[in-house]
Amino acid sequence: MSGPASPQRVWPGRPYPLGASWDGAGTNFSVFSEQAAQVDLCLFDDDGTETTVPLPECVGYVWHGYLPDVGPGTRYGYRVRGPHREPGDLHDPCKLLLDPYARAVEGPVDWGTTFGGEDVLDAASRVDSAPYVPRSVVVNPWFDWAGDRRPGTPWNETVLYEVHVKGFTARHPGVPEELRGTYLGLCAPAVLAHLQELGVTAVELMPVHQFVHDRRLVAAGLRNYWGYNSIGFFAPHDEYAQGGGRGQQVQEFKVMVQTLHAAGIEVILDVVYNHTAEAGAGGPVLSFKGLDNRAYYRLDPHDPSQYVDYTGTGNTLNMRHPHVLQLIMDSLRYWVEEMHVDGFRFDLAATLARELHDVDRLSAFFDLIQQDPVVSQVKLIAEPWDVGEGGYQVGNFPPLWSEWNGRYRDCVRDVWRGVPGTLGEMGARLTGSSDLYEDDGRRPHASINFVTAHDGFTLADLVAYEHKVNWANGEDNRDGTDDNRSWNCGAEGPTDDPAVLALRARQRRNLLTTLFVSQGVPMLLAGDELGRTQQGNNNGYAQDNELSWVDWSAADADLLALCRQLVQLRREVPALRRRRFLTGRPAPGAAHPDIVWFAPDGRPMRDEDWAGAASVGMWLNGALAETDARGNPVVGPTVMVLVHPPEGTVDWVLPPDEWGGSWTVRVDTSDAAPDGPGRTVAGGAPLRVEGRSVVVLERSTAV
């Protein structure tokens, strides 16, 4: 280890806030370690020369000191000395450690250097790790938000768009080349125009917390593209910044948020608080392990050298420890208050609820979220499962939370690929999944409806492949799910057969239309509206290349036009985005219930009709029994959605006049041209509905 390059003045400072806090004159450093005997602050010059400053104070296991000569752009880390009484104690001054509260991080992990075959990042190594690990960076927190206002889009008006910061613009011809793949690229005028014309109200960004490219992937010439390998919960990932990692990423991220807000678009972060990039036993010592391994991680009580793993990544953060809970809550508040984000999607959220073993809905983490005056007021979305026993928890999160509805995804896929007996469940999924969410006081927006997401087939591949093609990942095609619930429409993968191609196009239209006519919150995977393919790869986590990046030159113009039409339809028809669950009863002053199910012969369905039903019509009254923000009744068009998954055509008898009179076709998925609808059909008359299609009809008034 290199010694101090020059003396540094150091004052006692203060224990809070944690992290490196510049006040305009100097910087306060504060870091938690319960087991440490000494914590050294290490400062680095531009040439890499290290100056070591022991932190002079420790209060409540928080080590701190104030350096009046240190300002923004300074690179730093920590070295910790402590006991090695038993397995699980990993304090070692040979390891340079990232600050868990660092607002910016610079540089990658260098996996390529060993000494005599020794891995210098492993806990057992006695080689100085400083030349091979990232640095924390002191940042200037000031930013002119210029009256930035959160869009505050109500849940029932929200349309989510899951997007990867880099992959969305890496090949965008309308984005300046130097901005492609960056935060600034994501808010470039050409990108904003696409988002606004599409009609999405919120971008859900795949992980932007500082993350590490895994050793195995780097050795194989790959990269961790998705970013679910966090090492810094306060730092925007430096590779997405045009200006580098010396703090510019913080400013550029704020510019992105500010610009998206000005366009009326919310920013929701996909956050990974369930594990870190340090992996399990034998994984690198980069930050938390070296600071206080026992506090930060769930260790095996029978063998503390091993890690409890509910995530499949080697470790699990210890949500039972108050400083870990504080870390996560401080991080969430930071992103809301300082970075102005509008909500979070929590990766493998069931892990966060594990107090001992079982998933506990009343865990400390949920209690903290519920009472927090900042975090409780933003959009909270759970991925309601993990890989541990009992980890599938769809429908079981507390009232503040919305959830990725995996049962919606599975049901909709099954219906359109022709699995018998699934249409009955489809009724529950179309109406907001009240069977999952209503009994604990939640609303339809608790259901985040999706057909595809980053994990799995894209929409184009869902109708073109029945088997994954993941050979490029270097795992002999073993990775990724085999439960795709997909149908290739008669040919596996690429084909020139016009009948197969036409059917695939129709199936894409069916799936998208089903998504946007369902109660709840629709989530669209970025690029699906353009026909993006990953050539059958259903686990593109390591494909930071053209396989995963959106190919704007291959955009399907007709599909894009349909997506825009569907979002516009949802905006114009309040009955498709209700705030409350349907009741089957009339609104005050209305003649008919809020929902009625019809059979193709034109009669209302009875309970016994569902068992053998192959097709169903969902009639939604434009009188909602809801009020707007000013207390006025919400009234809009009455609509009818005809869902016909079987292959053959049917002459569907529309309800007689008293149920709606004449109807205008708004969407017909059997027609590839999005401007084909518009014809009018009289009530009580038959409408030819093609096989494997959805028809959406509108009547201009409520009844």
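Biologist: Which residues lie nearest the centre of the largest pocket, and how many residues line that pocket?

Modeller: This is a predicted model, and what follows is computed from it. The lining of the largest pocket has 47 residues, and W226, T311, T313, D455 and N539 are the ones nearest its centre. The volume of this pocket is about 1,300 Å³. Two elements give two or more residues to the lining, α4 (215-219) and α10.

Biologist: How does the lining of the largest pocket divide into nonpolar, polar and charged residues?

Modeller: There are 17 nonpolar, 17 polar and 13 charged residues in the lining of the largest pocket.

Biologist: What is the volume of the largest cavity, and which residues lie nearest its centre?

Modeller: The volume of the largest cavity is about 140 Å³. Its lining has 16 residues, with H164, M206, Y225, R532 and S548 nearest the centre. β12 (160-163) and α1 (165-169) are the elements that give two or more residues to this lining. By type, the lining of the largest cavity holds eight nonpolar, six polar and two charged residues.

Biologist: Which element gives the most to the lining of the second largest cavity?

Modeller: α10 does, with three residues. At least two residues of that lining come from each of α10 (406-417) and α14 (498-516). The lining consists of R413, W416, R417, L462, V463, R485, S486, W487, Q507 and L511, which divide into five nonpolar, two polar and three charged. The second largest cavity has a volume of about 70 Å³.

Biologist: Why is N477 called buried?

Modeller: The relative accessible area of N477 is 17%. The cut-off for buried is under 20%, so N477 counts as buried. N477 sits in the loop between α13 (459-462) and α14. Leaving aside residues up to four places away in sequence, N477 touches K468, V469, N470 and W471. The C-alpha atom of D657, 180 residues from N477 along the chain, is 56 Å from that of N477.

Biologist: How does Q535 count by accessibility?

Modeller: Q535 has a relative accessibility of 42%. The place of Q535 is in the loop between β23 (521-525) and α15 (557-572).

Biologist: How do you know that the peptide bond from Y16 to P17 is cis?

Modeller: Omega of the bond from Y16 to P17 is near 5 degrees, and the bond is cis. Most peptide bonds are trans. P17 lies in the segment before β1 (19-22).

Biologist: Which residues of helix α3 are buried?

Modeller: In α3 (residues 189-198) the buried residues are V191, L192, H194, L195 and L198. They are on the same side of α3 because they cover an arc of only 160 degrees around the axis. An α-helix has 3.6 residues a turn, so residues three or four places apart point the same way.

Biologist: Which residues touch the most other members of the largest nonpolar core?

Modeller: F29, F344 and F346 do, in a core of 172 residues. Helix α7 (residues 322-337) gives the most to this core, with nine residues. Apart from it lies another core of 16 residues, including W619, L654, W663 and V695.

Biologist: What does F346 touch?

Modeller: With residues up to four places away in sequence not counted, F346 touches V271, Y273, L332, L352, F365, L380, I381, A382, E383 and W401. A contact here means heavy atoms within 4.5 Å.

Methods
Residues numbered from 1 in each chain as written. Predicted model: local features only at pLDDT ≥ 70, side-chain atom pairs only at ≥ 80, totals over all residues. Heavy atoms only, no water. Core = buried A, V, L, I, M, F, W, Y, C linked by side-chain atoms within 4.5 Å. Buried < 20%, exposed > 50% of the residue type's maximum accessible area, 1.4 Å probe, protein only. Helix = DSSP H or I, 4+ residues; strand = E, 2+ residues; numbered from the N terminus. Arc of directions from axis to C-beta. 1 Å grid on protein atoms, 1.4 Å probe; cavity = no way out; pocket = protein on both sides within 12 Å on 5 of 7 lines; lining within 4 Å. Points joined across faces, edges and corners; volume = space filled by probe spheres on them. Nonpolar A, V, L, I, M, F, W, Y, C, P; charged D, E, K, R; others polar.
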